[in-house]
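Please give me a short tour of this structure, written for someone who has not seen it before.

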Amino acid sequence: MRLTVWLLGLFGVAVALALFASGNSATITVFWPPYRVDLSLNLVILAILLAFALVHVALKGLSALFAIPGQAKSWRLRYQERVMHSALLDALSHLVAGRFIRARKSAELVLSREAAMARSGEVWPDAARLRVMAHLLAAESAQALQDKTAREVHFQQALAQSAVAEASSTREGVQLRAVRWSLEDRDPHSALDWLSQLPSGVARRTVALRLRLKVARLAGQNDQALETARLLVKHKAFSEAAALSLVRALALEYIQTAHEPEQLNALWQRLEATEKGMPEVAIVAAGRLLRMGGDVRQAFDWLLPVWERMVQAPDGLSADQKVVLIRVMENGFSAIGPAIDAVWLSRIENAQQAAPGDAALQYLAGVACLHLQLWGKAQQLIRQALPRLEDKGLLTRAWQVMAELAQRQGDDAQAMAAWRNAAQVGSRRRAEK
């Protein structure tokens, strides 16, 4: 439709021009003394149009002629950009593929090309960022080759170039790489120094928090490592299982740094409720407090959530966790002696009565009676538990208790048999290990 309208318009203009030219008898007279020239108006109009066209073509030609140097310069710039981009891609691909020498050569080619452009006076807005990335790739390649001197040279140049306003967005990446390299060099103090220089917004990023966690663990700063791990868990940086395992491991390391009961109490107060409720953490903390001669009742308070978890759900604790819990509680009974808390004694009796087939609970009840000097009941409970104890450590300890009870009763023959059984179980246990 549009083409039809254009054709109709063109035909209309042609008809109008034809009518004007055919019926136009006007003339133009030019006086140039002593001459007089008479010209047709149609010819004058045609001459003016031809002159305009010639002038327009001439101006276009001159403009194209004068633009040739600029076009040549633009072509050279585009060619250099293509070469640098190709070299930069080569450096990245070689670095990923593990060809570190080639990667460094490609990065240095980018730098040499960019320097040649700068010397020729070419201005490129992304030149600063390109220099930073090229130096960073060269430094990364040198780090992989353990060439610390070359890495430091390229790194310092990248750091200096990233201070330019046009390349300010690359400075954070340069600093994060410095942290990673310090970690690879096992230099936690340098890594911590670089981390402290990060802006607050960058320091809260997941990648920075991961680096901070590794640095804190390397530097032995367990409190900071645990706090960083909590932030990573909140950011969902790990799966649920991995997050639980990481926090548990860090909490255990944190507890191991305590060397006095007061210090351990202070560390325990800094743990979150979910961490205190982890069976491994509570058992290790209570056991360490008992070994350091701390408050036994405090240790049992820490164990209470774990005990309730075991009693309320049959699979609340694994078999190994259950055994370790019983051994720690036994150590607590040994430390407190006849002054065992009646509440705890009631808890143990109720749990043993609720699960009469649980040999481990029956053994624990017997140990509690032993320390309450209820010799007969203790001997009865432990004797009943002996055939059903699966853990070799508990079985060895049970025979030892039976030997001690037999000695108290003056039955040397039964005591010797019990000691012999304990030694046999212990030897089998060592052989299995």
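Leu-176 has a relative accessibility of 12%, so this residue counts as buried. The model shown here is predicted.

Leu-176 sits in helix α6. Beyond its neighbours within four places in sequence, Leu-176 is in contact with Leu-198, Val-207, Ala-208 and Leu-211. Met-292 is another matter. Along the chain, Leu-176 and Met-292 are 116 residues apart, and 42 Å separates their C-alpha atoms.

Val-174 also belongs to helix α6, which covers residues 171-184. Its relative accessibility is 0%, so Val-174 counts as buried. What does Val-174 contact, leaving aside its neighbours within four places in sequence? The partners are Val-132, Leu-136, Phe-155, Ala-158, Leu-159 and Ser-162. Gln-156 lies 18 residues from Val-174 in sequence, and the C-alpha to C-alpha distance in space is 9.7 Å.

## Loops around α5 and α6

Ser-168 is in the loop between α5 and α6. With a relative accessible area of 43%, Ser-168 is partly exposed. Ser-168 and Arg-129 are separated by 39 residues in sequence, but in space their C-alpha atoms are 8.3 Å apart.

Two further loop residues have a backbone feature to note. Gln-146 is not a glycine, yet its phi is positive, at about 60°. Gln-146 is located in the loop between α4 (127-144) and α5. Is Gln-146 buried or exposed? Its relative accessible area is 54%, so Gln-146 is exposed.

Arg-186 has a positive phi too, near 60°, and is likewise a residue other than glycine. Arg-186 is placed in the loop between α6 and α7. At 61% relative accessibility, Arg-186 counts as exposed.

The residues below have a stated relative accessibility.

| Residue | Relative accessibility | Class |
|---|---|---|
| Val-174 | 0% | buried |
| Phe-155 | 4% | buried |
| Leu-176 | 12% | buried |
| Trp-194 | 14% | buried |
| Ser-168 | 43% | partly exposed |
| Gln-146 | 54% | exposed |
| Arg-408 | 59% | exposed |
| Arg-186 | 61% | exposed |

## Aromatic rings

Aromatic pairs are the next topic. A pair of aromatic rings is described by the distance of the centres and the angle of the planes. How many aromatic pairs are there? The count comes to 6.

Phe-155 is in helix α5 (residues 148-162) and Trp-194 is in helix α7 (residues 188-196), so the pair ties together parts 39 residues apart in sequence. Phe-155 is buried, at 4% relative accessible area. Trp-194 counts as buried as well, at 14%.

A second example is Phe-300 with Phe-333. This aromatic pair is stacked, with 5.4 Å from centre to centre and 25° between the planes. Phe-300 lies in helix α15 (residues 296-312) and Phe-333 in helix α16 (residues 319-336). The pair links distant parts of the chain, 33 residues apart. Both Phe-300 and Phe-333 are buried.

The rings of Phe-300 and Phe-333 are also part of a cluster. Ring pairs connect Phe-300, Trp-307, Phe-333 and Trp-344. A charge comes in at Trp-344. The charged end of Arg-347 sits over the Trp-344 ring, 4.9 Å from its centre.

## Two packed helices

Two packed helices are described by the angle between their axes and the distance between the axes. Here the helices are α11 (residues 240-256) and α14 (residues 279-291). They pack at an angle of about 10°, and their axes are 9 Å apart. The angle is under 35 degrees, and α11 and α14 are therefore roughly parallel to each other.

Which residues make the contact? From α11 come Arg-248, Ala-251, Leu-252, Ile-255 and Gln-256. From α14 come Glu-280, Val-281, Val-284, Ala-285 and Arg-288. By class, the contact has 6 nonpolar, 1 polar and 3 charged residues.

## Across the chain

Arg-408 lies in helix α20, residues 392-408. Its relative accessible area is 59%, so Arg-408 is exposed. Arg-408 and Leu-39 are 369 residues apart along the chain. Their C-alpha atoms are separated by 150 Å.

Note on methods. Residues numbered from 1 in each chain as written. Predicted model: local features only at pLDDT ≥ 70, side-chain atom pairs only at ≥ 80, totals over all residues. Heavy atoms only, no water. Axes fitted to C-alpha atoms, helices over the stretch in contact; angles between N-to-C directions. Helix = DSSP H or I, 4+ residues; strand = E, 2+ residues; numbered from the N terminus. Parallel < 35°, antiparallel > 145°, perpendicular 65-115°, else oblique. Contact = heavy atoms within 4.5 Å. Nonpolar A, V, L, I, M, F, W, Y, C, P; charged D, E, K, R; others polar. Phe/Tyr/Trp six-rings, centres within 6.5 Å; stacked < 30°, edge-to-face > 60°. Buried < 20%, exposed > 50% of the residue type's maximum accessible area, 1.4 Å probe, protein only. Lys NZ or Arg CZ within 6 Å of the ring centre and 35° of its normal.
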